[in-house]
Amino acid sequence: MSTLDVARAELALAVLYLNKAEARDKICRAIQYGAKFLSDGQPGTAQNVDKSTSLARKLFRLFKFINDLHALISPNAPGTPLPLILLGKSKNALLSTYLFLDQFVWLGRSGIYKNKEQTELVGRISFFCWMGSSICTALAEIGELGRLSSSMKKLEKELKNTDKYKNEQYRSKLQKSNERSLALIKAGTDIVVAVGLLQLAPKKVTPRVTGAFGFVSSLISCYQLLPSPPKEKAS
């Protein structure tokens, strides 16, 4: 491929990525929590960026609760253990509730709904729902990693006298394991962010700590949404 062809391919991937509303939301989230880290909860430009970006992000999430509502009523993959099914459905229910309530928070903070006390109460309830969904996600990922680990060990025994990394099935399971490990790390950082936003441990999880963990979580989300590069055709 020529340099121009490579540039076109990379720009096409960038366009594909930025056309996703979810990707733009996560980029804004990185800006929001980066500003929170810089402000450390103190008034100033960084805090203004944090608040304005947070409000703007809520527009990206209007009616997004339908996605998790659909996942909640959809059937699970055959062979999934009951505890993992319950964790997955609990996560969908809590996340859908969070996104639904977040719309009312936007109405309050944009000035359409005038009751500030009720807006703050709904916002706090929604953050508890988000924290609960993150805990369910972390537990589900731990369970799925355990299942993957068992199946990989079984496959390793079958491939004892061969190079396991040349086996397509083993490589696929290894990739899934890496993806789930990253999802577990993200869920863990989101739990810390929720604790910070709810001020459940204000002395330990300060606005700067919340910002740092939120920024890392946002970068992971941006990475997870990256499109796969096209495979080069064999000459």
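A residue counts as buried when its relative accessible area is under 20%. Arg57, at 7% relative accessibility, is therefore buried. The model discussed here is predicted. Its protein chain has eight helices and zero strands, and 34% of its 235 residues count as buried.

**Overall layout**

- Read along the sequence, the protein chain follows the pattern α-α-α-α-α-α-α-α.
- The C-alpha trace of the protein chain spans about 70 × 50 × 35 Å along its principal axes.

**Packing of H5 and H6**

- Two packed helices are described by the angle between their axes and by the distance between the axes.
- Helix H5 covers residues 82-109 and helix H6 covers residues 116-158; they pack at an angle of about 155°, and their axes are 7 Å apart.
- H5 is therefore roughly antiparallel to H6, since an angle over 145 degrees counts as roughly antiparallel.
- The crossing in which H5 passes H6 is left-handed.
- Sorted by class, the contact of H5 with H6 has 16 nonpolar residues, 10 polar residues and five charged residues.

- A search of the whole structure finds 14 salt bridges.
- One of the salt bridges joins the side chains of Glu22 and Lys64, at 2.6 Å from N to O.
- Glu22 lies in helix H2 (residues 21-39), while Lys64 lies in the loop between helix H3 (45-60) and helix H4 (65-73); the pair is 42 residues apart and links distant parts of the chain.
- Glu22 has 28% relative accessibility and so counts as partly exposed, whereas Lys64 has 19% and so counts as buried.
- Another salt bridge is formed by the side chains of Asp25 and Arg57, at 2.8 Å from N to O.
- This pair also links distant parts of the chain, with Asp25 in helix H2 and Arg57 in helix H3, 32 residues apart.

- Asp190 forms a salt bridge with Lys186, and the closest N and O atoms of the two are 2.6 Å apart.
- Both Asp190 and Lys186 lie in helix H7 (residues 168-197), where they are four residues apart, or about one turn of the helix.
- Asp190 and Lys186 are both buried.

**Thr53 in H3**

- Thr53 lies in helix H3.
- With 13% relative accessibility, Thr53 counts as buried.
- The side chain of Thr53 reaches the backbone oxygen of Val49 at 2.6 Å.

**Lys160 in the loop between H6 and H7**

- Lys160 is placed in the loop between H6 and H7.
- At 69% relative accessibility, Lys160 counts as exposed, because the exposed class covers values over 50%.
- From C-alpha to C-alpha, Lys160 and Asn178 are 22 Å apart in space, and they are 18 residues apart in sequence.

Methods
Residues numbered from 1 in each chain as written. Predicted model: local features only at pLDDT ≥ 70, side-chain atom pairs only at ≥ 80, totals over all residues. Heavy atoms only, no water. Axes fitted to C-alpha atoms, helices over the stretch in contact; angles between N-to-C directions. Helix = DSSP H or I, 4+ residues; strand = E, 2+ residues; numbered from the N terminus. Parallel < 35°, antiparallel > 145°, perpendicular 65-115°, else oblique. Left-handed = near helix turned anticlockwise from the far one by under 90°. Nonpolar A, V, L, I, M, F, W, Y, C, P; charged D, E, K, R; others polar. Salt bridge = Lys/Arg side-chain N within 4 Å of Asp/Glu carboxyl O. Buried < 20%, exposed > 50% of the residue type's maximum accessible area, 1.4 Å probe, protein only. Polar contact = N/O pair within 3.5 Å; in protein donor to acceptor, adjacent residues only side chain to side chain.
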